[in-house]
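Here is the note on the two-chain model that you asked me to look over. Please read the points beside the structure, taking them in order.

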Amino acid sequence: MRYQVRHTTTYTYDADVSDSYGVAHVTPRELPWQHVGRHEVTVDPGATDQWAATDHYGNTRTYFQVDEPHQVLRVEAFSEVEVLTEVRDDEADAQPWETCRPAGRREVVDAWSATELVLRSDLVPHAALARDYGADSLTPGRPLVEAAMDLMHRIHADFTYEQGASTVTSTIDDLFEAQAGVCQDFAHLTLACLRSHGLAARYVSGYLATDPPPGKERIVGADASHAWVALWVPGGTWLALDPTNDQLAGERYVTTAWGRDYADVPPVKGVIYSEAKTSLLDVEVDVAPV
Amino acid sequence: MLHDYSAAVAQPTLNAEPARYDEVVAPDGSLRPAWKALAGAAIGLDREELQRISADVVRFLSDDGVRYSRPGESPSWWRLDPVPIVVSAEEWAPLEVGLAQRAELLNAILVDLYGPQTLLATGVLPPELVFGHGGFLRELRGGPGEQHPLLISASDVTRTASGDWQVLADRTGAPSGIGYAMENRRVISRVVPELYRDAGLHRVAPFFQAVRAAMIDAAPGEASDPRVVLLSPGPQSETAYDQAFVASSLGFPLVQGSDLVVRDGIVWMRVFGRLERVDVIVRRVDSAYTDPLELRGDSHLGVTGLVEAVRRGTVRVVNGLGSGVVENLGLAPFLARACEVLLDEPLRLPSIRSYWLGDPDELEQVRPRLEELTIRTIDRTDPTGPLTGDDLLERIEAEPYRFVAQERPHHSQAPALGPFGVQPEPVVIRTFTVRHGSAYRTLLGGLGSIMETGRVPRSKDVWVLKSRPDEPDQRLVEVLPMTNVRAPAAMVPRVLEDMFWFGRYAERAEDTLRLVIAAHGLAQDFRSRPWSAGGQNLRVVSRKLRDLSPSPFEEDEFDEELRSLLLDPFRPGSVAQSVASLRDAAQAVRDQLSPDVWRVFGAIDRAASTLAESALSHEVTNSAGRMLTAISALHGVIDSMMRDDGWRMIMVGRAIERCQQVVRLLDGTVTERRGIDVDRDVLSTVLMIAESAVTHRRRYRGYVRPAGVVELLMFDPDNPRSVAFNLARASEVLRALPASTGSTRPERLLADLQGELENLELASLVVIEGERRPHLQQAVTTVRGLLSRFADAVVEVHLVSAPTPRSFDLPRPVREVAP
């Protein structure tokens, strides 16, 4: 599938901002199953300084600085992306999950770097609740992908997608308490269940192409950025799971960046110098099939 | 001393611990070679002499204002034992070679971890050890790939029972302590000059020159005259003294994050309305706090965009951001192998035996020995030191890779002065290694400390002897002596603000002291005669004091009241509080001030402790007088400063405060009328407090009348205490500030003030209505109001620093799909 993705992030402040410094992760990755054509990041008011570089995880991060006074800051990313269906290796997917811990597979070429994605991170601690919850799917000897899919089904069934049910400071324990959250929470929760059993998994940030409701026109800008997870499968692949939608992340998913958790790859973050009291955030995402 | 000490060492100890290596006495009771050479000079150092020397040490340290604060505690005086640790050239040699190798090795590990990570891919280092360490900053990977991120490192070393050196810990992030080491040497060389002269030891100054050269050479690109700054977390930092000492000795301006700004991916220093490019940042701020954009967002100590500037290679940070990752305590067991892989040579200097518990075999070995080992997290995130407790094993098993177990170190011992003479105490030496030219060079010397718990530990000077008398100091021949490296004035707004407050608090402390002295004199004479003219005058002055600083005491508790005004740092308006604020302001601009400033604080502190220890009433005046003498000495110090913008801000601050103090003093004293005798006493006291009594006597022949007092204190253009004089002074100085245009708000307000003063008529001011002088009252109130608006305007126009960084509101990726 080919898409044109337009991702606009707008901050509106109630007073002048003299300087904005930002870092954006809004550039789709070049991957075996994903090709990026034309791509552009535009900052308005114009950035006096804008610079793209590759980060520790291989993501493209764009630094920008605006030093003219402004009350509205808009960061727009436009990308042409082609996503292919990934061919999976059934044999690798069927390995017993216990044999898929990087710690026990040092002979696998990328096990050392996958190890980073087993360790706890600030937003994804190895919470006891998550370990226990994960144990019901990770039963002894179960094939890796089957166990992971089961975990995804259960999370989708047990937790409700609900905006406002969580905040940026919600912990894994809070999520178990609320039994609800947004895609980012679903991803963090799934990561905690997998990592606390020694498996390696990434937090993935990107976009999901949606179909309009039957009989309706596609509404431009109604999409949003999305988050899911990717599980390390020894043998060279990662299995992308979307617990929010209970499906594998296939060719409708555009991958922009991955890391340990949300904090490694927020689409846009930054620092302002201003006396402003409030800010309004508006995010518009449009993933248009071409 | 040596005789006493040998006897003390020979005392059998009751505990079962194996004997420590003694730095002075060999097991057979003979002196070690380093001390044998010193024995002659040490003979005179008996217990009494050492006690005297020790008192000198305390005085020198307090005169130099050397302080240190333990994390989370308020600053205390730096402590220094008078007996140095002395090491012969021969004993030092293996340590020196080992430390140079170690720095090279840690540097090579850093280059790999922030670059190709071959050490992880090939299993030389376990990935958990690095990825699980808080000092590994992913944001810094993929930069320009500095070849030498580790420019200066420190290692804490000690000796095993057999005298072999071993490393307890490395400091590779922002190592501190070299300033303290320098200061220790400065003090010890003064208190035991004979010993120092005869010892044939390496002077430390040339090493500082090497450090300075290394920092300048670190500049990226082709800058011909690179700008190097020292980035400090501020005067509240634990090692603020060390930072300021290093900055001023090396001649680099001491800056804080808010003094710097990133534009176009380049770091600049805000220098009064323009930006000057910064090439090298010697950082004393923890890496994680250096950039609120990419690192810790809650940090106010950093520079927004610094990581980006580093990534583009436009600025060099020393040590490189993220270099703290090799402080990792869990690296120890892997260093030998890493050394073979990276340097192709065996590791020369071992670490203390350590077990990384992420290795299941090591964990099994350690499990039964938890009690006898020191357990730490690899990144020392547990602030209270070694871990203990019932749930320790549970915590380790949950995340074994985060823990390390160390054998208890077996410190060597050296003589230290205690209450009963010299006694053996366990010691550790912090060593410093810098990359100079193409090699790492270790300081021949160091910062010794006595291992004791509780208070601020006592430090010791470390003497490394020369192998032959003609050996060059530090064996550095090629470094040029530092001439004239006075820090180029970094007149950033923050520095000017501190200077401004320095001027204000110095004046405020001085004026309060004069008031206290006057009040105490009156209380001595008249407290038992409240109805005499003097007694009524005392009441007027007491009320004045209470106006300045609300009092918790009864009106007749004079001594308590005055003592608390002098000593209570929590009482608003007290001398102690003004002095504390003055000290904070001075500390923040330490690199800009003459060291004599600290002698002033030393004298004030000594006067304060004398008063605190004495219950005698006359000690109030005595001590306040000594404090006043000390504060007055500041004028001399300020007088000899460069006439730069910093000096101008001190002058403006002082002029504003003086005017404020004068009009406050008139308010409630001269503005009211009492009996003729009482008024005469009150007026005399006012003149005395305003330090104008002598002038008055000369001008008015001792005939004290309100008109004369008001004229002298408000209008006299020649009296340095008068409002008119100080406004004229402020106007002159203000005009020379770069931001002044002739019509800025402070200048306009000042002109208004001067106009207001000119319009006042002396004759009308002293007119009496009932018990008051309403015109004077009115004038005093108006002038006070204008003065504070003027002061605010000065701060606003000349001093406002950068605003604080705040986060964009974080967006969350949200996604809704119809179920």
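**Notes on the model**

1. The largest nonpolar core has 321 residues, and those that touch the most other members are Ala201(A), Val229(A), Leu231(A), Val267(B), Ile281(B), Val516(B) and Val652(B). A nonpolar core here is a set of buried Ala, Val, Leu, Ile, Met, Phe, Trp, Tyr and Cys residues joined through C-beta atoms within 7 Å; a residue is buried if 20 or more other C-beta atoms lie within 10 Å of its own, exposed if 12 or fewer, and partly exposed in between, with C-beta atoms placed from the backbone. Helix H16 of chain B, residues 493-526, gives the most to this core, namely 17 residues. (Helices are DSSP runs of H or I with at least four residues, strands are runs of E with at least two, and both are numbered from the N terminus.)

2. Please keep in mind that this is a predicted model, in which local features need pLDDT of at least 70 and side-chain atom pairs count only at pLDDT 80 or more, whereas totals for chains, interfaces and linings use all residues. Residues are numbered from 1 along each chain as its sequence is written, and chains are lettered from A and ligands numbered from 1 in the order in which they are written.

3. Leaving aside residues up to four places away in sequence, Ala201(A) touches Leu117(A), Leu191(A), Leu194(A), Arg195(A), Val229(A), Ala230(A), Leu231(A) and Trp232(A). Contact means that the C-beta atoms of two residues, placed from the backbone, lie within 7 Å.

4. Chain A has 6 helices and 14 strands. Its radius of gyration (taken over C-alpha atoms) is 20 Å, close to the 19 Å that the globule rule (2.2 Å times the number of residues to the power 0.38) gives for 290 residues, so chain A is as compact as a globular protein of that length. Buried residues make up 48% of chain A, and among its contacts between residues at least 6 apart in sequence, 75% join residues at least 24 apart.

5. Where the chains meet, the contact takes 45 residues from chain A and 33 residues from chain B. On the side of chain B that touches chain A, the largest share, 3 residues, comes from H7(B).

6. Which strand of chain B is joined to strand S13 of chain A? S21(B) is, through 2 bridges, and the strands run antiparallel; two strands pair if DSSP finds at least two bridges between them. Within S21(B), Arg806(B) is the bridge partner of Ile272(A).
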